[in-house]
Amino acid sequence: MKKLYILVTLVGFLVQVRSAHAQVLSELSLPPNGANERAEVSQWIGLVKVTIAYHSPNVHGGSGADRTGHIWGELVRYGFFDEGLGPSRATPWRAGANETTTVNFSHDVQIEGKDLKAGTYGLFLELQRNGPWMWIFSHNSTGWGSYQYDAKDDALRVPVKPQAAPYTEFLTYGFDERRPGSAVAFLQWESKRIAFKIDVPNVNDLYAAQMRKELEGWPGFKYQNWQIAAQFCASHKVNLEEALVWADKAINEPFKGPSRGHEDSSTLATKASVLQAMGRDAEADAVIDKALHLPETDVVRIYAYGAGLLTTGRKQKALEIFKANHQHHPEEKFWTYLGLAQGYTAVGDKDDAIKNWHTALLNVPPNARPDLPAFEKALQQAENSK
């Protein structure tokens, strides 16, 4: 009987511990407090990885009670408040449940236009009855909830405006409005969405830096990889001085074996693209002219170079390139005619532009099909402007 009493007492004590607000460290795997399951979501922005780890409460709670309409300003209070546990007397919301919600950035980023270094941060949210809410990124990312929050650990605060959102039962983090150099992270729960924008303004520099490392290894034994890296830099106008070195390596680096550099219309066009991006037009023209006088030319690469000239306003030179490309490849029915159509359009020769647009549109290859609406629009504009 005595043993039974001790067992009942021990069970009662454990139940009390599990219902407490504080985390109890255990060597056993137990369900999370309040059935607030652990969750994690990640998004890449270029080479930058962003990961948010959190516990996800639901509107109906662990007991099933309906808390609809009682989340914001009640369950989650406005301003800074005393939760009654831990050393802090003024805490923001933990932006989740249980342990501190964290966000990790693999590289430096900007949050709502403000700089934030790479690393892991505690993620908190201050609500306001009127006015913007405040995302708080704290250097203290290892606490339990907000109980150890201290404003001196803040790395960044950014104000945002909460938005109405479709009903969401479980607190959920996600990413949308994804672009090559940015994304929007958001928290959505019950009827609200609270977001912050993440920018990676140097996303293409990061790619160039990564290629630099990779070219020191096995990829550097293929001249094509030096060319690809140089062309990327030219297209995005980053790391141009080094890109010119890479372009030269693709042409004449004395590699041993079959992977030595190769001078052809493709590698020369890449070097010309780098020079063009650097504003060294005369040198670029000399290199591309050399490429155009080779017995064989790369029709797509030469077209791409001419198209690049159009973006810089060098219309006559671009048209000259497109004409030469057509002369080299009279049998090709799309890329050469596309170049001529765009070149004649740029210089205002509507009749020749329309004629070449018609030929190009009859021969669009599968890999160019996504751009078909843009081509058809260009033809329509040329015909309507006559």
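Where is the place of H60? H60 lies in the loop between β2 (48-56) and β3 (102-105). The structure is a predicted model, in which local features need pLDDT of at least 70 and side-chain atom pairs count only at pLDDT 80 or more, while totals for chains, interfaces and linings use all residues. Residues are numbered from 1 along each chain as its sequence is written, and side-chain values use heavy atoms, with hydrogens and water left out. Helices (H or I, at least four residues) and strands (E, at least two) are DSSP runs, numbered from the N terminus.

**Surroundings of H60**

- H60 is partly exposed, at a relative accessible area of 27%; buried means under 20% relative accessible area, exposed over 50%, and partly exposed in between (1.4 Å probe, protein chains only).
- Apart from its neighbours within four places in sequence, H60 is in contact with A65, D66, R67, Y167 and E169, where contact means heavy atoms within 4.5 Å.
- A polar contact of 3.1 Å joins the side chain of H60 to the side chain of E169. A polar contact is a pair of N or O atoms within 3.5 Å; within protein, one must be able to donate a hydrogen and the other to accept it, and residues adjacent in sequence count only if both atoms are side-chain atoms.
- P31 and H60 are separated by 29 residues in sequence and by 18 Å in space, C-alpha to C-alpha.

**The four-stranded sheet**

- An open sheet of 4 strands runs in the order β5-β4-β10-β9, with antiparallel pairing; two strands pair if DSSP finds at least two bridges between them.
- The edge strands, each pairing on one side only, are β5 (114-116) and β9 (163-179).
- Neighbouring strands of this sheet are turned by 35 degrees against each other on average, direction ignored. Axes are lines fitted to C-alpha atoms, for helices over the stretch in contact, and angles run from 0 to 180 degrees between N-to-C directions.
- Strand β10 (residues 182-199) pairs with β9 in the antiparallel sense over 9 bridges.
- D176 stands opposite V184, a residue of β10.

**Salt bridges**

- The whole structure contains 16 salt bridges, each defined as a side-chain nitrogen of Lys or Arg within 4 Å of a carboxyl oxygen of Asp or Glu.
- The side chains of E99 and R38 form one of them, at 3.9 Å from N to O. This pair links distant parts of the chain, 61 residues apart: E99 is in the loop between β2 and β3, and R38 is in strand β1 (residues 37-45).
- E99 counts as partly exposed at 22% relative accessibility, whereas R38 counts as exposed at 60%.
- The side chains of E83 and R94 meet in a salt bridge of 3.7 Å, N to O. Both E83 and R94 are in the loop between β2 and β3, 11 residues apart.
- E83 is partly exposed at 26% relative accessibility, while R94 is buried at 11%.

- K317 and E320 are joined through their side chains by a salt bridge of 3.2 Å, N to O.
- K317 and E320 are separated by about one helical turn, because they are 3 residues apart in helix α8 (residues 315-328).
- K317 counts as buried at 12% relative accessibility, and E320 is partly exposed with a relative accessible area of 40%.
- A network of salt bridges links D289, K317 and E320.
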